[in-house]
Amino acid sequence: MSLKSKIIAKLKAKATAVGAANLSNVRINGLADKLDAIVTNEDDIDGEIDKLDQIFSFKEMASLDDAKRNAESKAGEEEDAAKAAQAKKEADEKAAAEEAARAAGKTGDEMPPWFKAHLEDQNKRFDGLSSSIAAIQKGSVSQTRRQQLEAKLDKAPDRFKTRTLRDFEILKLESDEEFNNYLANIEQDVADEIQAASDAGLGADAPSLGGRGGKLKDDEVSPAMQEIINQREAAAKAKAGAQ
């Protein structure tokens, strides 16, 4: 069982009694550790403390502690004074620089020319990188859509396939919904074209395609593209009328 707390209390009482009340807590704690290692009975504490005072005078140790505290205090004051002097020097230098900048017709917050040029160069690089990424993403979307369209045109007649792919290259479909609608219409057109080609092979008595008007001529656009053109013309007219 540790007797350290009791040893500390008795050490402080002894130090006060011999005129060493200013013995530092660090010193008292260190002495208590040493005594706690050798004292096993509370009744022996006073005797061991007396022996320790005879070997290492508590009063002399208190004087040493005072000297150390004074030296540390003086060092702290000198350090604070040095920091204050450095802060004043930096403030004076900053004030002088700001005054020189004002005298030159500039504000203290204005960026140095070299940093401004560096910042502009970085902004240009960032803008270029953003444009490159956007172009890559746009090209990827365009390529994916073309592949989907080619899959729908796989079994369509060659002339219809060529014309539809040509129209797709100049047709700008902004949203996925718009493209999906276009693709659904193309799928129907492909079915009509295949049926028209099949009917044409049956002879002059082959039935016509009815409402869709039969096989497209080479200079005609597909119904899907014509529908999109009509929708855009209507939207443009509505926008012009609203202005």
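At what angle do H1 and H2 pack, and how far apart are their axes?

**Figure 1. Overview of the predicted model.** The structure shown is a predicted model. The protein contains eight helices and zero strands, and its pattern along the sequence reads α-α-α-α-α-α-α-α. Of its 243 residues, 21% count as buried. The accessible surface amounts to about 17,300 Å², and carbon and sulfur atoms contribute 53% of that area.

**Figure 2. Close-up of the packing of H1 against H2.** The two helices pack at an angle of about 130°, and their axes are 9 Å apart. The crossing of H1 and H2 is right-handed. On the H1 side, the contact is made by Lys 4, Ile 7, Ile 8, Leu 11 and Lys 12. On the H2 side, Asn 25, Ile 28, Asn 29, Leu 31, Ala 32, Asp 33, Leu 35 and Asp 36 take part. The residues of this contact divide into seven nonpolar, two polar and four charged.

**Figure 3. Close-up of the packing of H1 against H3.** Helix H1 spans residues 4-17 and helix H3 spans residues 45-55. Their packing angle is about 50°, with the axes 10 Å apart. H1 is therefore oblique to H3. The crossing of H1 and H3 is right-handed. H1 contributes Lys 6, Ile 7, Lys 10, Leu 11 and Lys 14 to the contact, while H3 contributes Ile 45, Asp 46, Ile 49, Asp 50 and Asp 53. Sorted by class, the residues of the contact of H1 with H3 comprise four nonpolar, no polar and six charged. Ile 7 and Leu 11 of H1 are named in the contact with H2 and also in the contact with H3.

**Figure 4. Close-up of Ile 45 in helix H3.** Ile 45 lies in helix H3 and is one of the residues through which H3 touches H1. Its relative accessibility is 1%, so Ile 45 counts as buried, the cut-off being under 20%. Apart from neighbours within four places in sequence, Ile 45 is in contact with Leu 3, Lys 6, Ile 7, Lys 10 and Val 39. The C-alpha atoms of Ile 45 and Ile 8 are 10.0 Å apart, although the two residues are 37 residues apart in sequence.

Figure 5. Val 18 is placed in the loop between H1 and helix H2, the latter covering residues 25-36. With a relative accessible area of 26%, Val 18 is partly exposed. Leaving aside neighbours within four places in sequence, the contacts of Val 18 are with Asp 53, Phe 58 and Lys 59. Val 18 and Asp 53 are 35 residues apart along the chain, and their C-alpha atoms are separated by 9.3 Å. Asp 53 also belongs to the H3 side of the contact with H1.

Terms used
Residues numbered from 1 in each chain as written. Predicted model: local features only at pLDDT ≥ 70, side-chain atom pairs only at ≥ 80, totals over all residues. Heavy atoms only, no water. Helix = DSSP H or I, 4+ residues; strand = E, 2+ residues; numbered from the N terminus. Buried < 20%, exposed > 50% of the residue type's maximum accessible area, 1.4 Å probe, protein only. Areas by Shrake-Rupley, 256 points an atom, 1.4 Å probe, with all protein chains shown as cover. Axes fitted to C-alpha atoms, helices over the stretch in contact; angles between N-to-C directions. Parallel < 35°, antiparallel > 145°, perpendicular 65-115°, else oblique. Left-handed = near helix turned anticlockwise from the far one by under 90°. Contact = heavy atoms within 4.5 Å. Nonpolar A, V, L, I, M, F, W, Y, C, P; charged D, E, K, R; others polar.
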